[in-house]
Amino acid sequence: MKLFKNILEGIKPTFEKGGKLEKLYPVYDGFATFLFVPGHTTHTGAHVRDGIDLKRTMVTVILALVPALLFGMWNAGHMHYNALGESVEFMDKFLWGAMKIVPMIVVSYGVGLGVEFIFCVIKKHQIQEGYLVSGMLIPLIMPIDIPLWMVAMSVIFAVVIGKEVFGGTGMNILNPALTARAFAFFAYPSYMSGDKVWINTSTAEGQFVVDGFSGATVLGDLATNGTTQYSSMDMFLGFIPGSIGETSTVAILIGAVVLLFTGIGSWKIMLSGLIGAITMGLIFNAVAPYAISPEQQSFMAVPYWQQLIMGGFAFGLVFMATDPVSASQTDRGKWIYGFLVGLFAIMIRVFNPAYPEGIMLAILFMNVMAPLIDHYVIEANITKRKKRLKAKVA
Amino acid sequence: MPEVIKIKKGVDIKLQGSAEKIYASTAAPSTYALKPGDFPAIRLKLSVKEGDEVQAGDAVFFDKDRSDILFTSPVSGEVVEVVRGEKRKILEVRILADQDIKYRDFGSSKPSDLSREDVKAKMLKSGCWPFVRQRPYNIIANPNRAPRDIYVSCFDSAPLAPDADFVVHGQEAEFKLGIQALQQLTDGKVHLGVDGSNNPSEAFTGIDDTVVTRYKGPHPAGNVGVQIHATAPINKGETVWTLNFQDVIIIGRLFKEGKFDAQRSMALCGSQVLKPRYYKLTMGANLKTLLEEGLKPTDNRIISGNVLTGSHVNFEGYLGFYDSQVTVIPEGGDPRFFGWLTPNLDQFSISRALFNWTMPNKALKLDASLNGEERAFVVTGEYDKVFPFDIYPVQLIKSIMVKDIEAMENLGIYEVAEEDFALCEVVCTSKIPVQETVREGLNMMLNELGD
């Protein structure tokens, strides 16, 4: 600890005004405040302050993501060896997945923070912590077989267009991680759709993909055939193909408990999102007989509760819809926002088979709508205040 | 039985070092000071110069724009120093006190025998007027306006605040006289807000023709702004006057004894005070003799007022004009190694992301650390947990930041004061200087619209 302090103090002059690297001061400051919460004391306003800061908030979200991450690593290996028809030890599956996923995380953080540092240096801002969570979310919502350069491109797009052009952390309209996902999806459609990317089927000498193997996700299956080979239990526990972090509802629920207990994720958004999805699921169940094609009919007839555990719905609702910057900011707005996220997620997923999952577009759409919702919620408050005045005058 | 109103939003920050209910005595302070910084949005002009002799109740300075508002000396003695800062702005006017205080005689009288104008004139002349503050803007009231109502909060819910029932004991008659004087000033009612969690003193509940309301709940239930909002919110164009209950006692004394005797019961409290107790001290008193009674030998932060809204003073500083509490906490400010990852059990937080939720009743020894750095607004909904108004706090602050007068008005700035936002500032993850921003907003409105 003393050692770090000494090193930081030692190199500080190089970065301060007049030093050789004064332009890089934000980078120095970023590292220094990462190691030590700075010893600033209050000089205006309240003399005592809450112990929480943005770093703490972000780290809590990352901790909540760890179960989904670890499960994703294991599941990637599990799916891979299943496709090859081999049965291997638990640790082998896990390590195989880790070998694929750790590089993605490294690329995501390396590229994303690199871009942030560049912007901070140009704009002479302090480095803000927003990317800590985005950097972990991005690999978790990508398919396992995505090339690293695509991850890098998506990250650059997300940080520059999704965030920095608006002014950085706290100013963005869209969730940066979903911006990255949407970029990957729309920029490389031939690669990102279909059923090739969800399970890695690379073979070494002597290995073969088993006959009759399908790499399609549950939603992909349902959209094309109207049925799926996976059981509800598989979906709930996560033994299904899909983006790295999204498959296991159990792991996501553990994360949700952390977010809800600490109060960092909004329970209003999560609950209303759930209600919205159930509502849409029930509507589909009710109108399934009137569907235009047999595939769609069987997709619509999927029990409403199964819609909650397949695809990225749970992951999106818990970790991405609750992003406080891009969600609605008022309490009443959060109820509306969450409900519509859930509703649209299921609607898009069932009605538009061109998209493998609806939650991404549902959240991005509602991100855009969130300020509008807030506007009307606040207008209602203002109207109430004006009415009070009128009643008084009359 | 008075109505009980429950305030649900808010939080009590439990701190170490609450004052024991005993009056201790201390050597009389040798100097006193009036600090223009205690009065926001005001331009002052001196009416004395260094070397002048004054009596208690003689004007020291006055409001340039409303010249009948006088600020008078709390003691008799010699004006020894006018401390000035940048651009010759007056920071303090120091008065060396006589051994025996000579009071200027304003004549004793029963407020009920006097007309409104007489009551007003007496309060203005004696220097009691600045105790009366007005919403909107939370500034010294404009004496030419008739307020809709007058509100007095008869308890203080801030951390370590003096106990109102203990303080008022023995001064019931003065309090009653003070309230009677205030009743002369308004066509509306005098509203008294009392603590709903126990049986408040008869002194507060037994005065004729007042509206007594009991408030139950965590801080800021004792803030007068919260009480106005809960009973009869301020609309555009309305004015409500507010006073601290101890200042009502000083006004009562003026009518009873005919002198400006600004003595208050104040609590010396906080984790760094060896023996936290009550003292009788006159407004503007030098704190040195008091603090010499015993502080822990650490790097201390001395606050005139409470930890939420008080002002930072040094060891030889002076008690503020409106303050009845001096809090001493450690200054703190040591960088914490990976502080964003450690459990931080010694810190206060309303978030469960820190671990002090495991011991909700423990009194904490908080220091003045900011615990982070200023950031953009990210987290939402946290202000709402501690802000018991039907007002959107973040949106109001943002409208101030972009200087949108109309939006500020629409979002309810007339009802609030800095102190109402103090807890928002405490819990803010992004460490935004909320109270300062609110003050800027109020000043902007004031410049635009006048009082």
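## Stop 1: a pair of strands in chain B

Select Ser304(B): Val326(B), in strand E20(B), stands opposite Ser304(B). This is a predicted model, so read every stop as a prediction. Now widen the selection to strand E18(B) and to residues 325-330 of chain B, which form E20(B). The two strands run antiparallel, and five bridges join them. What holds paired strands together in general? Strands of a sheet pair through backbone hydrogen bonds, either parallel or antiparallel.

## Stop 2: the six-stranded sheet

Zoom out to the open sheet of six strands in chain B. Trace the order across it: E2-E17-E16-E20-E18-E19. The pairing is mixed. Which strands stand at the edges? Select 20-23 for E2 and 311-313 for E19, both in chain B. Each has a single partner strand, so one side of each is left without a neighbour in the sheet. Turn the view to look along the sheet. From one strand to the next, the twist averages 35 degrees.

## Stop 3: the four-stranded sheet

Stay in chain B and pick out another open sheet, with four strands in the order E3-E9-E8-E5. Here the pairing is antiparallel. The edge strands are E3 (31-34) and E5 (53-54) of chain B, and each pairs on one side only. Select E5(B) together with residues 77-84 of chain B, which form strand E8. Two bridges join this antiparallel pair. Pick Glu53(B) next. Which residue in E8(B) is the bridge partner of Glu53(B)? The partner is Glu78(B).

## Stop 4: two crossing helices in chain B

Show helix H3 (residues 172-183) and helix H6 (residues 245-257) of chain B. Their axes come within 7 Å and cross at roughly 90 degrees. That angle makes H3(B) roughly perpendicular to H6(B). Now show side chains. On H3(B), the contact residues include Phe175(B), Leu177(B) and Ile179(B), and on H6(B) they include Val248(B), Ile251(B) and Phe255(B). Colour the contact residues of H3(B) and H6(B) by class: nine are nonpolar, two polar and four charged.

## Stop 5: where the chains meet

Display both chains. The contact takes 63 residues from chain B and 48 residues from chain A. Several elements of chain B each supply at least two residues to the side that touches chain A, among them strand E18 (300-304), helix H8 (393-401) and helix H11 (434-449). Which helix gives the largest share of that side? It is H10(B), with four residues. By class, the side of chain B that touches chain A has 30 nonpolar, 20 polar and 13 charged residues.

Strands cross the boundary too. Select strand E1 (residues 36-37) of chain A and strand E21(B). They pair in the antiparallel sense over two bridges. Click Phe36(A): its bridge partner in E21(B) is Phe337(B).

## Stop 6: the domains of chain A

Colour chain A by its domains: domain 1 (2-35), domain 2 (53-201 + 233-253) and domain 3 (265-394). How many Å separate the centres of domain 1 and domain 2 of chain A, taken over C-alpha atoms? The separation is 30 Å. Where these two domains touch, domain 1 of chain A gives six residues and domain 2 of chain A gives seven. The domain 1 side of that contact has three nonpolar, one polar and two charged residues.

## Stop 7: two helix pairs in chain A

Select helix H11 (residues 249-262) and helix H15 (residues 313-320) of chain A. Their axes come within 10 Å and cross at roughly 15 degrees. That makes H11(A) roughly parallel to H15(A). The crossing is left-handed. Among the residues that meet are Ile252(A) and Leu259(A) in H11(A), and Phe315(A) and Val318(A) in H15(A). The contact of H11(A) with H15(A) has seven nonpolar, two polar and no charged residues.

Finish with helix H5 (residues 131-140) and helix H6 (residues 148-162) of chain A. Their axes come within 11 Å and cross at roughly 145 degrees. Is the crossing of H5(A) and H6(A) left-handed or right-handed? It is right-handed. Look for Tyr131(A) and Ile138(A) of H5(A), and Val151(A) and Val155(A) of H6(A), which are among the contact residues. By class, the contact of H5(A) with H6(A) has seven nonpolar, two polar and no charged residues.

Methods: Residues numbered from 1 in each chain as written. Chains lettered and ligands numbered in written order. Predicted model: local features only at pLDDT ≥ 70, side-chain atom pairs only at ≥ 80, totals over all residues. Axes fitted to C-alpha atoms, helices over the stretch in contact; angles between N-to-C directions. Parallel < 35°, antiparallel > 145°, perpendicular 65-115°, else oblique. Nonpolar A, V, L, I, M, F, W, Y, C, P; charged D, E, K, R; others polar. Pairing = 2+ DSSP bridges. Domains from an automatic or database assignment. Left-handed = near helix turned anticlockwise from the far one by under 90°.
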